[in-house]
Amino acid sequence: MRDLRISVTDRCNFRCVYCMPKEVYDADHEFLPRSDLLTFEEITRVARIFVAHGVTKLRLTGGEPLLRRNIERLVEMLARLGDIDLTLTTNGSLLGRKARSLRDAGLTRVTVSLDSLDDTTFRALNDVDFPVAKVLEGIDAAAAAGLSPIKVNMVVKRGTNESSIVPMARHFKGSGHIVRYIEYMDVGATNGWRLDDVVPAGEIVRAIDAELPLESVDPNYAGEVATRWRYRDGSGEIGVIASVTQAFCRDCTRVRLSTDGKLYTCLFATDGYDLRALLREGTDDAPIGNAIAAIWGQRADRYSEIRTANTPRIPKIEMSYIGG
Ligand code: SAM
């Protein structure tokens, strides 16, 4: 257990068609009430227990984490936990405004999601007409604030943004930022995922390599999700996250805390363990730590290894709630 992902809100200002489709997350959708959310103090306490059990990397996510009010205060509290890699995944919409204060609060680096550089394609994908230029401004602000190396996540969906694969690589080549191509996954139950919508990692790498020659690179550490490739001319690297075609369950060191304090040992889980109940019942740190260790010790998740075209029917937790 090395990597804790904390969802700080189930809300988002985007309606990405593959994540929070408008038809489901409409005006009638009920998001969690405020009292259900873990407070910053509760999140920090749980994170401290995880760090004591070997977690070295904390990632704030959601929903859109920068929508959580005073998120910088949480960053500051978590940064005090010691020598940890403290990062955040964001759609970049508020990064231009917040990059500096996040850095000052102790954030180490940032991952920004951007699915296309083509403005029409991107606006259609986020489904709230949000322009590419504003996300690029956010990335520039993050770089200026020193939140590097910046990773840029691009989910690739067949028939939607394949034509953006090579332009994305070309744009960020030589910038020091690392584009990571993500196979479209069957997270949750609302995005209508089909195996045919997945563009396999091999195809992504071949498309880039044909124009910008690549060679493979060893992982930075065991359990790294992205397979690394670098440009043969030495101008940087990309990553490919092939969770559908090359599952990496056996090396998984990730655990997830939902917005309302449930612990999930897999992105594709159907059930979580209610840590918030323990926190609010006044349980001491030691029994909470023991509960976490027992859950981790018993985990047998390997969803991506046993996925078939039919498994998407399992009622899985939505990514906006469990955290991406
Ligand atoms: N709102 C933040 C953002 O946009 O980065 C954080 C949460 S978002 C759920 C985290 C990441 O999950 C994003 O990079 C998003 O593109 C990715 N994601 C969401 N649904 C996905 C899916 N079905 N398959 C693959 N990646 C997905």
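Two strands count as paired if DSSP finds at least two bridges between them. Strands here are DSSP runs (E, at least two residues), numbered from the N terminus. This is a predicted model, in which local features need pLDDT of at least 70, side-chain atom pairs count only at pLDDT 80 or more, and totals for chains, interfaces and linings use all residues. Residues are numbered from 1 along each chain as its sequence is written, and side-chain values use heavy atoms, with hydrogens and water left out.

View 1. Strand 9 covers residues 237-241, and four bridges link it to strand 8 in the antiparallel sense. Look for Arg-228, which stands opposite Gly-239 of strand 9.

View 2. You can find Ser-216 with its bridge partner, Trp-229 in strand 8.

**View 3. The largest cavity has a volume of about 40 Å³.** A cavity is a set of points, on a 1 Å grid over the protein atoms alone, where a 1.4 Å probe fits but cannot get out; lining residues have an atom within 4 Å of a point. Grid points are joined across faces, edges and corners, and the volume is the space filled by probe spheres set on them. Its lining includes Phe-172, His-177, Tyr-231 and Glu-237.

**View 4. The second largest cavity has a volume of about 30 Å³.** Among the residues lining this cavity are Tyr-18, Cys-19, Asn-191 and Met-319.

Notes
1 Å grid on protein atoms, 1.4 Å probe; cavity = no way out; pocket = protein on both sides within 12 Å on 5 of 7 lines; lining within 4 Å.
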